[in-house]
Amino acid sequence: MSKNVLILSGTPRKNGNSEILCNEFQKGAEEAGNYVKRVNLREKEIHYCKGCGVCNSTHKCVQKDDMAEILDQMVQADVIVMATPVYFYTMDAQMKTLIDRTVPRYTEITNKDFYFIVTAADTEKANMERTLEGFRGFIEDCLDGAVEKGIIYGVGAWQKGDIEKTPAMKEAYKMGKTIS
């Protein structure tokens, strides 16, 4: 049975290393017969959360930007892939802003499979754990029925394209292929 896969790419750098891994994951997932939608956050207007609290009762954000559409896609997806470069041991600002802005409807993002793609110049996977803790805090503590299904560590990737010389390329494709 095919699944509705949503890839949320946080990289601000077009054709950067995490985006390259998203391409491979997407290719594998589509070849496995799934429908894949990709959202490049750098192409979207997503304002920072104002902390006003209005959405706690209305379940709608007062801000008029692209986040409402992305939330609809997150609610409808079966599988969500969150991809980010690691900056100073955590996810980039675009991804964190997206997570913060899920507040109006996070209780509707239920029973989803999650995959994480993290890339960094660092060669130690252990140094990416803080980033993964942020993702896990979101899915494990905030979302009902969320399941972490896989992680792709894109280590040793400093310059654009460095990731193409690493095992992460095959891992991303294979992981996308396993979705069914």
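Colleague: Let me start with the terms: buried means under 20% relative accessible area, exposed means over 50%, and partly exposed is what lies in between. Where does Glu129 fall?

Modeller: Glu129 has 26% relative accessibility, so Glu129 counts as partly exposed. Keep in mind that this is a predicted model.

Colleague: Got it. Which residue does Glu129 meet in a salt bridge?

Modeller: Arg136. The N to O distance between the two side chains is 3.2 Å.

Colleague: How many salt bridges does the structure hold?

Modeller: Eleven. One of them pairs Lys177 with Glu31, with 3.6 Å between the closest N and O atoms. Lys177 belongs to helix H6 and Glu31 to helix H1, so this pair ties together parts that are 146 residues apart in sequence.

Colleague: Nice. How accessible are Lys177 and Glu31?

Modeller: Both are in the middle class. Lys177 is partly exposed at a relative accessible area of 37%, and Glu31 is partly exposed at 44%.

Colleague: Let's zoom out. How many helices and strands are there in the chain?

Modeller: Six helices and six strands. Starting at the N terminus, the order of elements is β-α-β-α-α-β-β-α-β-α-β-α.

Colleague: What about the radius of gyration of the chain?

Modeller: It comes to 16 Å. A compact globule of 180 residues would have a value near 16 Å, so the two agree. Along the principal axes, the C-alpha atoms fill a box of roughly 50 × 40 × 30 Å.

Colleague: How much of the chain counts as buried?

Modeller: Of the 180 residues, 50%. As for contacts with a separation of 6 or more, residues 24 or more positions apart account for 78% of them. The chain exposes about 8,900 Å², with 49% of that supplied by carbon and sulfur atoms.

Colleague: Back to H6, then. Which of its residues are buried?

Modeller: In helix H6, which runs over residues 168-177, the buried ones are Ala168, Met169, Ala172, Met175 and Gly176. They cover an arc of only 140° around the axis, which puts them on the same side of H6. Lys170 and Lys174 sit on the other side and are exposed.

Colleague: What covers that buried side?

Modeller: The cover includes helix H1 (17-31), along with strands E5 (113-119) and E6 (147-154).

Colleague: One more topic, the surface. Which residues form a nonpolar patch there?

Modeller: Tyr87, Phe88 and Tyr89, with about 400 Å² of accessible area together. Phe88 lies in the loop between strand E3 (79-87) and strand E4 (90-91).

Colleague: Why does Phe88 count as exposed?

Modeller: Because its relative accessibility is 81%, and exposed means over 50%.

Notes. Residues are numbered from 1 along each chain as its sequence is written. This is a predicted model: local features need pLDDT of at least 70, side-chain atom pairs count only at pLDDT 80 or more; totals for chains, interfaces and linings use all residues. Side-chain values use heavy atoms; hydrogens and water are left out. Buried means under 20% relative accessible area, exposed over 50%, partly exposed in between (1.4 Å probe, protein chains only). Helices (H or I, at least four residues) and strands (E, at least two) are DSSP runs, numbered from the N terminus. The arc is that of the directions from the helix axis to the C-beta atoms. Contact means heavy atoms within 4.5 Å. Patches are made of residues with over 30% relative accessible area and no salt bridge: like charges are joined within 9 Å, nonpolar side chains (Val, Leu, Ile, Met, Phe, Trp, Tyr) within 5 Å. Accessible areas come from the Shrake-Rupley method with a 1.4 Å probe; for residues, only the protein chains shown count as cover. A salt bridge is a side-chain nitrogen of Lys or Arg within 4 Å of a carboxyl oxygen of Asp or Glu. The radius of gyration is taken over C-alpha atoms; the globule rule is 2.2 Å times the number of residues to the power 0.38.
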